[in-house]
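Please look at the chain shown below, and keep it in view while reading the report that accompanies it.

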Amino acid sequence: MIKYRLIAFLAVLLQLHCPTLGQPYPNYHADFVGIGEHGGDLKWWQTAAFYQIYPRSFKDSNGDGVGDLNGIAEQLPYLKELGITATWLSPIFTSPMADFGYDIANFTEIAPIFGTMADFEHLMEVAKKLDIKIILDFVPNHSSDECEWFRRSAARDPEFKDFYVWHPGRMENGNRHPPSNWISVFRGSAWQWHEGRQEFYLHQFVKKQPDLNYRNPKVRETMSNVLRFWLSKGVSGFRIDAVPHVFEIAPDNQNQYRDEPRNDWDNDPEDYGYLQHIYTKDQPETIDLVYSWRAVLDAFQREHGGEDRILMAETYSPIDIVMQYYGNATTEGAQLPFNFLLISELSNSSNAHAYEGTVLKWLQHMPKGRTANWVLGNHDQPRVGSRLGKDRVDMLNMLTATLPGASVTYQGEELGMTNVWISWKDTVDPSACNTNPSIYEQYSRDPERTPFQWTDAQDAGFSNASKTWLPIAVDYKEVNVELERQKPLSHLNVFKQLWQLRKQSQTLQRGETEVKALSDAVLAVKRYLERDSTYLTLLNIYDGVETINLLQSFPDLPPQLKVVVVTERSQVKVGDLVNSTSLQLQAKDSLVLQTTSSYYSYATNGEARFLPVLGVYLWLAQVGLYLTNR
């Protein structure tokens, strides 16, 4: 009896000293969920930080002005410092470099400009020691015209005769014309006459990149064998290049290809946008082809064991088509079809509502049980600092690091590198070189491909050559790894803090997500998980100071939140407590906040509820009081 009265006394004492804990909970028969029961293990790629390396521009180890495999191996510890899980390498295979490696002459050889197979194997050894996975670029749509397959196909070798898309063309008034009006991504006709074979071949990119014919089963098996070759070398997966272009419509019963209809908004007949690409992109067979490549990876894994090997698919397609690449009810597809919405749908003038809509568009379309991913930039797109603003670099890295799923960072985005102006004389990108000095800048991808900025020394520490393959940025003395390591709130250090937090937090890895525009200026991302802390990411997208009441949008938040990540624009510091009802964000400010209480989770009336740790003791005291009264 004394014991029960003591428990009752403790309950009263707790209620006097902690009145907020005296809120009655509706069901004293709550079923508590065991601590640490967060569900099954996540696959390594589901919350991974992927990092794209453009090998020509990452690190030059031999002084020829071009990056290489030994340079990557030398600097791979930097990726470990960042918290990177896996790195995707743009093509490193034998190539005449008409499109800087995307025109492959031999799919299972290393290009001498990058090194040797021994250098690649050394890179794999270094990566294994650092626990960094290597993803290779898989370029299935085309080869180089210097590939042995193409030479034999042009010569009508029976084994390779139909390896590529050939056609005799159309005869009109005694003159031979291309088979259709199809236009290359890099301007002009997508058909090129081959004098030797006396036929046209299809090239959806530059004319030195003939399209492979995937209606030929031999081509499909040959390319599957390319995957098997590199899997046997230990790679952890592939990024599939230009997926939507792999199939084009088959010719009709008269062996003719249909013309594509015009777009009214483009008056340049040489420009890719002149046509609606309904016969050369997003054909249904492409989805099944990706599924077959996933089957190759899964079969290799069943035979050899180890962690998942993955596919990442590059597809700038309508959202409903992109989602099909994940797979269907019976067949698995690419684990990560790239999400380019942050690139394609946001601009420098986008407000918080546009950001909210862009994030939710992916999450709401994504099939249940699949993994999201977030891509801010790559070697084909203007750098995020140039596209959305240098003063938004930290907030965008903060956004992708705290959204659910995986993220992909293009080399240099963690530093705040921006586009570099390249003169017509120094331009090397075929997309631009196929135009003229008056319009080349709108087509060039060179500005985002310039060498990585390691130090403030010669050539930004990238090389010791007298001339690098592309010019070095003029701001390399202010934007480089060596300098940013020394500044606590540099872009680099904010990036590192974000990924350290993500790796430590079950909520950020597994939690539910709520995305809200709190105003035109402020975006909020709430991540929450039973029995764990809640995190709130806040972005002030505009230049004004914003004061917000978080409880108006998130009434379940506590009165105070702890600051866990800040930028150099923030007035608060890490560890500060801020009021949920009156939080001030500086211009272009961004923060990550965390709840300060730990919670137990319990279920009542079929609904999950949360109980503060101190509340547990109160609950026990109230149970004692109940027993005493009985």
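Predicted model: local features only at pLDDT ≥ 70, side-chain atom pairs only at ≥ 80, totals over all residues.

Residues are numbered from 1 along each chain as its sequence is written, and side-chain values use heavy atoms, with hydrogens and water left out.

The structure holds 36 salt bridges (a side-chain nitrogen of Lys or Arg within 4 Å of a carboxyl oxygen of Asp or Glu), and three of them are listed here.

| Salt bridge | Closest N and O atoms |
|---|---|
| Asp 145 and Lys 208 | 2.8 Å |
| Arg 531 and Glu 530 | 3.5 Å |

Asp 145 and Lys 208 link distant parts of the chain, 63 residues apart. Glu 199 lies in strand β11 and Arg 156 in the loop between α4 and β7 (166–167), so this pair joins parts that are 43 residues apart in sequence (strands are DSSP runs of E with at least two residues, and helices are runs of H or I with at least four, numbered from the N terminus).

Glu 199 counts as buried because its relative accessibility is 11%, whereas Arg 156, at 38%, is partly exposed (buried means under 20% relative accessible area, exposed over 50%, and partly exposed in between, with a 1.4 Å probe and protein chains only).

Turning to the helices, α11 (residues 393–402) and α14 (residues 491–504) pack at an angle of about 15°, with their axes 10 Å apart. The two are therefore roughly parallel to each other, a term for angles under 35 degrees.

Key. Axes fitted to C-alpha atoms, helices over the stretch in contact; angles between N-to-C directions. Parallel < 35°, antiparallel > 145°, perpendicular 65-115°, else oblique.
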